[in-house]
Amino acid sequence: MNIGENSSNTQIAKREFFDNKIYEIASSNKRPWDLMNWVKKKNLLTIESILYEGQSCNTLPDLWHALHLSYNSAENRPINASFLNKTPQADQILWSPFSKQEFKDAIAKCSSSSTPGPDYISWRHLKSLIINDRCLLKIIQIANACIDLEFWPSHFKSSNTVVIPKPNKNNYNSPKSFRPIVLLNTMEKLTEKAISNRLQFHLSANDFLDSHQSGGIQQRSTTNAGIYLTHLIRAGWLRQCHTSILAFDIAQFFPFLNHQFLSLCLKKAGLNTNIVQFFNSYHSNHSTSYSWNSFTSPPFNVNVGIGQGSALFPILSALYLAPIIKTFKKELKTSIKKFLQTFSHLLTMDL
């Protein structure tokens, strides 16, 4: 066989392969978007085998088992919420139906290039839909019905969890060296953004969030925290004092959030029974599939934590920690200043 015949045969074989692939996608999977590079995936670097409880994960089932148990180890863990009895009850929050402007504000800052979730709908498509007032009103009706019926649809409870490496780790042979990023359905994320903005307003208005609490709260950035910390240090210098800082990190904070404790915090924050019951439905019976390079796991049940990728996780994590900050202020009767970021606490005191 000469070079010309070999090239011709190669082209015929490639054409037959892709024709069969297109036919399979069109007739069997019925997902034409699989033909396009939607998410611009970037494969993980070649690393050593993942170790879990001293054993190497040499098969995909072992890897899925290790990832799921590592990121959901707090499931069914008992909690002691008795200290919440010392937290003052916040004023009752009046929850009104959503408006068109709230949803327009929620979607305005969304990037059209962000990775879509299981529904493969991008923000670009959703933005083009809500230009039509009729479509926007239907979306708002769905969101208001979810609140009124205290129900979160099962379609919104499925997600993809993409595992990416944390930067600057000495080794990557442990699941804790990777960060699980949750990809949600886009319609779900839009509704979550509207709910999150509403919670941000109400929890700041009724002073349930501490004034020194930052991270996950609108208009309280790391820049504000840096200015505040600099102010404490310089104020100490003027009084001929020294400022000490104690910083610590809560490992795996977001995956470990307890839903029962979160419900109690919602009640303390002044949310009515209707909203609390809605969040109980929101947190129940979730499932996710883990993605590692081009491999995807079967669905796993997830009933603990808040996914990093959800629009609600910043404000709900701040709400979760608010009673703890209030307890510090009440029990530690000294001039301790507190700064809270999403992943860490800083305590500064004059010596």
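**Note on a predicted protein model**

1. Apart from residues up to four places away in sequence, Phe279 touches Ile195, Leu199, Leu266, Leu312 and Leu316. Here a contact means heavy atoms within 4.5 Å. The model is predicted, so local features need pLDDT of at least 70 and side-chain atom pairs count only at pLDDT 80 or more, while totals for chains, interfaces and linings use all residues. Residues are numbered from 1 along each chain as its sequence is written, and side-chain values use heavy atoms, with hydrogens and water left out.

2. Together with Leu271, Phe279 has the most contacts inside the largest nonpolar core, which has 53 residues. Two or more residues of this core come from each of α3 (100-108), α4 (123-130), α5 (133-149), α6, α8 (259-268), α9 (273-283) and α10 (313-331). Helix α10 gives the largest share, eight residues. A second, separate core of 14 residues includes Ile50, Trp64, Tyr71 and Tyr172. A nonpolar core is a set of buried Ala, Val, Leu, Ile, Met, Phe, Trp, Tyr and Cys residues joined through side-chain atoms within 4.5 Å. Buried means under 20% relative accessible area, exposed means over 50%, and partly exposed lies in between (1.4 Å probe, protein chains only). In soluble globular proteins, nonpolar side chains tend to be buried together.

3. The overall figures give the setting. The protein chain contains ten helices and ten strands. Helices (H or I, at least four residues) and strands (E, at least two) are DSSP runs, numbered from the N terminus. Of the 351 residues in the chain, 41% are buried. Among contacts between residues at least 6 apart in sequence, 74% join residues at least 24 apart.

4. Which residues of α8 are buried? They are His259, Phe261, Leu262, Ser263, Cys265, Leu266 and Lys268. At the start of α8, a side-chain oxygen of Asn258 comes to within 2.9 Å of the backbone nitrogen of Gln260. This is a polar contact, that is, a pair of N or O atoms within 3.5 Å; within protein, one must be able to donate a hydrogen and the other to accept it, and residues adjacent in sequence count only if both atoms are side-chain atoms. Just after the helix, Gly270 has a positive phi of about 100°.

5. Ala225, Leu232, Ala235 and Gly236 are buried in α7. These residues lie on the same side of α7 because they cover an arc of only 100° around the axis; the arc is that of the directions from the helix axis to the C-beta atoms. On the other side, Thr223, Ile227, His231, Arg234, Trp237 and Leu238 are exposed. An α-helix has 3.6 residues a turn, so residues three or four places apart point the same way. Leu232 counts as buried because its relative accessibility is 13%. The C-alpha atoms of Leu232 and Thr243, eleven residues apart along the chain, are separated by 7.6 Å. After α7 comes Gln240, with a positive phi near 60°.

6. Two loop residues deserve a look. Asn185 sits in the loop between β4 (178-183) and α6 (186-205), and its relative accessibility of 1% makes it buried. Its side chain reaches the backbone nitrogen of Asp119 at 3.0 Å. Beyond four places in sequence, Asn185 touches Pro118, Asp119, His155, Phe156 and Ser158. Val304 lies in the loop between β8 (300-302) and α10 and is buried, with a relative accessible area of 6%. Residues touched by Val304, not counting those up to four places away in sequence, include Asn72, Pro255 and His259. The C-alpha atoms of Val304 and Ser284, 20 residues apart along the chain, are 8.7 Å apart.

7. How many disulfides does the model have? The count is zero, a disulfide being a pair of cysteine sulfur atoms within 2.5 Å. As for individual cysteines, Cys135 is partly exposed at 30% relative accessibility, whereas Cys146 is buried at 6%.
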